[in-house]
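Hi everyone, thanks for having me. Please take a moment to look over the sequence and the structure, and then I'll walk you through a few spots.

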Amino acid sequence: MTVTAVQGIGVHVRAVTPTAAQAQADFRALLNVLSRPGMLDVVGRDEGRGRDEGPGERRGERRGEGPVALAVAAGLADVEVPTAVLTAPGDEHWARALHLGTSAPPAPPERARMVVALRPPAAAEVAGLTRGDAMHPELGTRLVVAVDGLAQDSGNVPGAVVLTLSGPGVPGTRRLCVTGLPRDVFEALAAANAGFPAGVDTFLVAGDGTVAGLPRSTRIEIENGDH
C-alpha cells in the first residue's frame, strides 16, 4: 500500500471514529430507541449542532464527514465483534476504515455479530443473518442500516414504507415511516424475529442523525410500500 493510500484511509478512519463523548451520547440514544421502538432520537452529531443542519447530504452521510450509520457502528464495534459492512460499488473504503479504526474483524454477513448496511440490504441478506437461539439469544446479529429518512407521521412521502409497531416498549401501537428501504426488507426482518428471543436487533439511521430502533421483540406490520 502506498503512502498516499495510507494517508487516504487515515482520513476515512478519522471521519467515522467518534470522540469518547460522542460515542457515549450515541450509546444513550441507541438504548433509548431500542427500549422505545418507533420513537426517534439523534446520533452522530456534536452537541450544539441542529438536527436540521446539513442540506444536500448524501445517503446516510453528513457533509464533510463519514456516514452517520458507520460512526454509530464504530462506537459499538471492537476486536470481539466480527463485523460486515455492506457498501455500494466505490464505497469499499468505508468498510476498511471501520475495521482499521475499531479492530473489529471482517466477517461475511451470515457469520457477523454486527452488520452495517450503507446501501439497502437485500431481503435475502437479512434472512441469512445469524439469529441465535432460545438458549443463546445474545448471538443474534445487530443490524445498523442507513436510510434516507425517518418520521413518525407518514404524511405523503413518496416511496415511504409505513410500519405499525407493537410489543414491549410500545403503548398500544406506534407508526414509523421509513424512506430508502423496500417493503421486502421489513418482511424479511419480521420473519427473522418470529422466533423470539432469537432474532435481529435493528437500528435505522438517517443522514441527518435521526435514529430509530426495531428490537427483535417488536412486532412489525407493514401498511404499504413497494418490494
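Let's begin with Arg175, which counts as partly exposed because its relative accessibility is 36%; for this label, buried is under 20% relative accessible area, exposed is over 50%, and partly exposed is in between, using a 1.4 Å probe and protein chains only. Before going on, please remember that this is a predicted model, where local features need pLDDT of at least 70, side-chain atom pairs count only at pLDDT 80 or more, and totals for chains, interfaces and linings use all residues. Residues are numbered from 1 along each chain as its sequence is written, and side-chain values use heavy atoms, leaving out hydrogens and water.

Which residue is the salt-bridge partner of Arg175? A salt bridge here is a side-chain nitrogen of Lys or Arg within 4 Å of a carboxyl oxygen of Asp or Glu. The partner is Glu223, with the closest N and O atoms 2.8 Å apart. This pair links distant parts of the chain, 48 residues apart: Arg175 sits in strand E7 (residues 174–179) and Glu223 in the segment after strand E10 (219–222). Those names come from DSSP runs numbered from the N terminus: helices are H or I with at least four residues, strands are E with at least two. Glu223 has a relative accessible area of 40%, so it is partly exposed.

The whole structure has four salt bridges. Another one joins the side chains of Arg183 and Glu187, at 2.9 Å from N to O. Arg183 and Glu187 are about one helical turn apart, because they are four residues apart in helix H6 (residues 183–192). Glu187 is partly exposed at 30%.

Then there is the pair Asp201 and Arg216, at 3.2 Å, N to O.

Now for the sheets. In general, strands of a sheet pair through backbone hydrogen bonds, either parallel or antiparallel. Four strands make an open, antiparallel sheet in the order E5-E7-E6-E10, and two strands pair if DSSP finds at least two bridges between them. Strand E5 (149–151) and E10 are the edges, each pairing on one side only. From one strand to the next, the twist averages 25 degrees. H6 packs on this sheet, touching E6, E7 and E10, and its direction makes about 150 degrees with that of E10. For these angles, axes are lines fitted to C-alpha atoms, for helices over the stretch in contact, and angles run from 0 to 180 degrees between N-to-C directions.

Ile222 lies in E10, and its relative accessible area of 18% makes it buried. Beyond its neighbours within four places in sequence, Ile222 is in contact (heavy atoms within 4.5 Å) with several residues, including Val161, Arg183, Phe186 and Glu187. The C-alpha atoms of Ile222 and Phe186 are 7.6 Å apart, although 36 residues separate them along the chain.

Finally, strand E3 (residues 114–117): Met114 and Val116 point one way, Val115 and Ala117 the other way, and all are buried. E3 also pairs with strand E4 (residues 142–147) in the parallel sense over four bridges, with Met114 opposite Arg142 in E4.
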